[in-house]
Amino acid sequence: MAESLLQASRQRRVKAMTAAAGSAGRAAVPLLLCALLAPGGAYVLDDSDGLGREFDGVGAVSGGGATSRLLVNYPEPYRSQILDFLFKPNFGASLHILKVEIGGDGQTTDGTEPSHMHYALDENYFRGYEWWLMKEAKKRNPNITLMGLPWSFPGWLGKGFNWPYVNLQLTAYYVVSWIVGAKHYHDLDIDYIGIWNERTFDTNYIKVLRRMLNYQGLQQVKIIASDNLWEPISASMLLDPELLKVIDVIGAHYPGTYTVKDARLTEKKLWSSEDFSTLNNDVGAGCWGRILNQNYINGYMTSTIAWNLVASYYEQLPYGRCGLMTAHEPWSGHYVVESPIWISAHTTQFTQPGWYYLKTVGHLEKGGSYVALTDGLGNLTIIIETMSHKHSKCIRPFLPYFNVSHQFASFILKGSFSEIPELQVWYTKLGPPSERFLFKQLDSLWLLDGGGGFTLELQEDELFTLTTLTTGSKGSYPLPPESQPFPRIYKDDFNVAPNFADQTGVFEYFMNVEDPGEHRFTLRQVLNQRPITWAADAYNTISVIGDYKWSNVTIKCDVYIETPETGGVFIAGRVNKGGILIRSARGVFFWIFANGTYRVTGDLAGWIIYALGHADVTAKKWYTLTLSIKGHFSSGMLNGKSLWTNVPVNFPKNGWAAIGTHFFEFAQFDNFYVEATG
């Protein structure tokens, strides 16, 4: 084998002189020649002195919250194509890890995700879309690592307090039930479980959780803590031997590529368990490329997980388009494979969890960095990035200035890598379209005539992967349909998945056994108490839908109040805020109450009252509400009869349509209809 490779090498000697040039115009020539031509650093890649830390993979988060909400509604074949770009090995992002939110009924950034236990005696392992997503990921990559983490918790766990640690056993039981349910109902093995996203940890709870996992025969499920900062979890572990023993991984968020001394002293695996969170343009891609290398070089982190997996939520919600790719138009089928997908591929397609970093990794002399990984079986992957400061700023934390400039970098392969004859070359250049290349395969590099090394000419904002693996590929599908706005006329009788995005409360399909007529299938708000919140949930429940640009709209919906005396429901238009900002949402809100009154307000909280009065309304009866907003005026009808007219509306000028309830109460909605004229 070696002889034939040597012969091929001799035959292709001429080619080696400009091997990686390809159509990208980058020269990669044998080491000896380049050493004479150009100044630049020399970097040794060697395993003679052993290896560095074990690599645990690159992943992304679905949830925290409702970030994949619109994905599940995509028509085929586009839905499967999106999933392929995310999870299919050697195709697109080829992710190694999928981390999902354990829905807790609360607002967790861009919406609420339903809990598997809304109430104390309730268990349902088919709510929401994370089960479906995990199965789709596993279908494409059976080896994908699965993680679960709660952001919010259902209110009953708090016994009246906004706190999940009132009864440690109960909360542990709730979380373990989710893991057991994943296996029992979906045949999904959860590999890692977290504590409470970016909130306080309780050391006793972590120990109780470990004991309960073991008691349920889930010894293989590992605990990651605390999904916040490096401290105080690291110091707590050093001071508490039992805590140190039960935590397998320290996970920090947005670490800025650095760790702390205490975290290293624990000798545990260190992960950036949430990172990125940046607009998915080329600057976001630069951020992702830089941290994927430097989280290990600077901070010994062996896994980096992006928030979020795919931007499948209305773009005007907080952190719009901060996913690895964009898919927020199920009504059109349009999606965009953004550049962070191909940045991911530079690492994910040429490594696997269980590979090891070399000890010889580091920064390049004139800016940028390099890492190298091996499977210990002779394969080698080298990833080199030269992301400039300007084009690689992540959303957080602050990035101190650094300089990257044109350079030649010489790499010398030693130890078991000295006999490698050939490396495949993959190349990305971020920047203006005329200079831009995403994950382009160049001519392979022949090494044996170059003295066991090679030199690359590097410009700023580039990414090279050089690897012995020949399995990489840039997957593609025919272009998806063109982008279209949300349909101006939209009807929903709740027989198929709606495009509603819950912002406080949980709205679920409901089969109304008591009503054999037209309201047999409805959408029902099912929370009867406030969850243990992660963000500032509203005091009213609300779900939004439509095009944020809508201004002149007519919204019509059948509504059913279930709570006598105190109950109330609304329909709304021009709702201007959602996600973690939902409490301060403005719009035009048309409310009716079981006590026989109506109200028109300019905000969800009900502080800005435009009109109020009596209405012939009671609980446990269906009513049809109609809200019309045109220019600076609005009017409302009850059962087709005018209830209020020409109420002035000066702000906001546009926003979503919405439905909701007065507090955390049961209520039903049916035959939702919206018509937008501008």
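Me: Where does Pro77 lie?
Reply: Pro77 lies in the loop between E4 and H4. This is a predicted model. The peptide bond from Glu76 to Pro77 is cis, with omega near 5°.

Me: Where is Gly65, and which peptide bond is cis, with omega near -10°?
Reply: Gly65 sits in the loop between strand E4 (57-62) and helix H4 (78-87). The cis bond runs from Gly64 to Gly65.

Me: Why is E4 called largely enclosed by the rest of the structure?
Reply: Buried means under 20% relative accessible area. Six of the six residues of E4 are buried, so E4 is largely enclosed.

Me: Which residues point one way from E4, and which the other way?
Reply: Gly57, Gly59 and Val61 point one way. Val58, Ala60 and Ser62 point the other way. All are buried. In a regular strand, side chains alternate between the two faces of the sheet.

Me: How do you know that E4 pairs with E11 and with E5?
Reply: Two strands pair if at least two bridges are found between them. Five bridges join E4 to strand E11 (residues 303-307). Four bridges join E4 to E5. Both counts meet the cut-off, so E4 pairs with E11 and with E5. E4 and E11 run parallel, and so do E4 and E5. Gly59 has Ile305 as its bridge partner in E11, while Ala60 stands opposite Leu98 in E5.

Me: What makes a right-handed β-α-β unit here?
Reply: E4, H4 and E5 make the unit. A crossover is right-handed if, with the strands pointing away from the viewer, the path from the first strand over the helix to the second runs clockwise.

Me: Why is Thr109 called buried?
Reply: The cut-off for buried is under 20%. Thr109 has a relative accessible area of 6%, so Thr109 is buried. Thr109 lies in the loop between strand E5 (97-102) and helix H5 (130-140). Its phi is positive, about 140°, although Thr109 is not a glycine.

Me: Why does Tyr319 count as partly exposed?
Reply: Buried is under 20%, exposed is over 50%, and partly exposed is in between. Tyr319 has 31% relative accessibility, so Tyr319 counts as partly exposed. Phi of Tyr319 is positive too, near 60°.

Definitions and conventions:
Residues are numbered from 1 along each chain as its sequence is written. This is a predicted model: local features need pLDDT of at least 70, side-chain atom pairs count only at pLDDT 80 or more; totals for chains, interfaces and linings use all residues. Side-chain values use heavy atoms; hydrogens and water are left out. Helices (H or I, at least four residues) and strands (E, at least two) are DSSP runs, numbered from the N terminus. Buried means under 20% relative accessible area, exposed over 50%, partly exposed in between (1.4 Å probe, protein chains only).
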